[in-house]
Amino acid sequence: MDSCLFIHGFTGGEHEIAPLSSYMEQHHYRSRTFTLKGHGGTRADLLKTSRHDWQQSAEEELNTLLASNKRVHLIGFSTGALIASHLSVRYKERVRSLTLLSTPVFPLNLVQMIKTLGDPAMLKQYISKIRSTPPKATREFQRLVRESFEIYPHIETPTLIVQGKRDHLVKSRSASYLHHTIPSTRKQMLIAGKSGHMLCHDDDKHETMREVLQFIQSTGTER
């Protein structure tokens with residue numbers, strides 16, 4: 001049975017990818033989710049960590065899986081997709097496939113969000129989240145975004161890129177940039193027409209999960 005490692009997003013948690021994790025379990029894949037270091041606790045907890053800590057915690061989880069699996073499927077959501085991209089290059093011989101969900105290649109800033117969000121309740125939620133996030137943590141996120149541009153041209157792993165057409169946190173050209181830049185000979189792009197940033201929870205979630213499953217199945221299984 002193959003294993004999948006799920007990596008959640010910045011200031012988020014395992015709930016972001018829980019539906020897909022459960023779906024993969026139902027289709028006979030081991031699913032491992034975890035909480036990035038500094039996340040899931042208080043503002044002070046996040047303040048004490050850096051992008052390197054987030055990456056290290058994901059790498060430790062990957063190594064735990066690799067101890068009993070020859071190769072692993074990586075599935076990253078939002079900032080987790082950036083981290084998964086780095087790991088896919090560092091462990092390219094051990095990562096069977098890479099799934100990038102809502103990757104913030106070109107993230108929106110607060111001003112842009114205000115211009116694009118028409119739902120006052122959603123806007124209030126985003127502003128509240130930004131206010132509760134330490135500026136230092138936001139800078140660490142921005143550094144990770146910038147550093148990832150050096151990684152994309154080195155991704156050789158079979159890659160699935162998924163982005164919601166209504167994503168208010170990631171610019172629409174992010175998916176096409178990845179598809180154009182990643183040199184893997186096996187890559188696929190899916191634009192979920194009814195979904196926003198939260199791909200595993202939005203209107204297209206069932207179609208998205210089926211596509212992820214089919215792509216991962218197409219990369220083969222361990223013998």
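## A buried aromatic pair

Both Phe10 and Phe141 are buried. The model described here is a predicted one. The rings of Phe10 and Phe141 form a stacked aromatic pair, with 5.3 Å from centre to centre and 10° between the planes. Phe10 belongs to the loop between strand E1 (3-7) and helix H1 (18-26), whereas Phe141 belongs to helix H7, so the pair ties together parts that are 131 residues apart in sequence.

Helix H7, which holds Phe141, covers residues 135-148. The relative accessible area of Phe141 is 13%. Buried means under 20%, so Phe141 counts as buried.

Which residues is Phe141 in contact with, leaving aside its neighbours within four places in sequence? They are Phe10, Trp54, Thr79, Pro104 and Pro107. Arg51 is 90 residues from Phe141 in sequence, but the C-alpha atoms of the two are 6.6 Å apart in space.

## Other aromatic rings

The count of aromatic pairs comes to seven. One of these pairs, Phe10 with Phe141, is stacked. The pair of Phe149 and Tyr152 is edge-to-face, because the planes of the two rings stand at 80° and an angle over 60 degrees counts as edge-to-face. The ring centres of Phe149 and Tyr152 are 5.9 Å apart.

Are Phe149 and Tyr152 buried or partly exposed? Phe149 has a relative accessible area of 27% and is partly exposed, while Tyr152, at 0%, is buried. Phe149 and Tyr152 also belong to a cluster, in which ring pairs link them with Phe106 and Tyr177.

## Helices H3 and H4

Helix H3 spans residues 51-66 and helix H4 spans residues 79-90. The two helices pack at an angle of about 55°, and their axes are 10 Å apart. That angle makes H3 oblique to H4. The crossing of H3 and H4 is right-handed.

Which residues of H3 and H4 meet? On the H3 side they are Trp54, Gln55, Ala58, Glu59 and Leu62. On the H4 side they are Ile83, His86, Leu87 and Arg90. By class, this contact has five nonpolar, two polar and two charged residues.

Definitions and conventions: Residues are numbered from 1 along each chain as its sequence is written. This is a predicted model: local features need pLDDT of at least 70, side-chain atom pairs count only at pLDDT 80 or more; totals for chains, interfaces and linings use all residues. Side-chain values use heavy atoms; hydrogens and water are left out. Axes are lines fitted to C-alpha atoms, for helices over the stretch in contact, and angles run from 0 to 180 degrees between N-to-C directions. Helices (H or I, at least four residues) and strands (E, at least two) are DSSP runs, numbered from the N terminus. Angles under 35 degrees count as roughly parallel, over 145 as roughly antiparallel, 65 to 115 as roughly perpendicular and the rest as oblique. A crossing is left-handed if the near helix is turned anticlockwise from the far one by less than a right angle, and right-handed if clockwise. Contact means heavy atoms within 4.5 Å. Ala, Val, Leu, Ile, Met, Phe, Trp, Tyr, Cys and Pro count as nonpolar, Asp, Glu, Lys and Arg as charged, and the others, Gly among them, as polar. Buried means under 20% relative accessible area, exposed over 50%, partly exposed in between (1.4 Å probe, protein chains only). Rings of Phe, Tyr and Trp (its six-membered ring) pair if their centres lie within 6.5 Å; planes under 30 degrees apart count as stacked, over 60 as edge-to-face and the rest as tilted.
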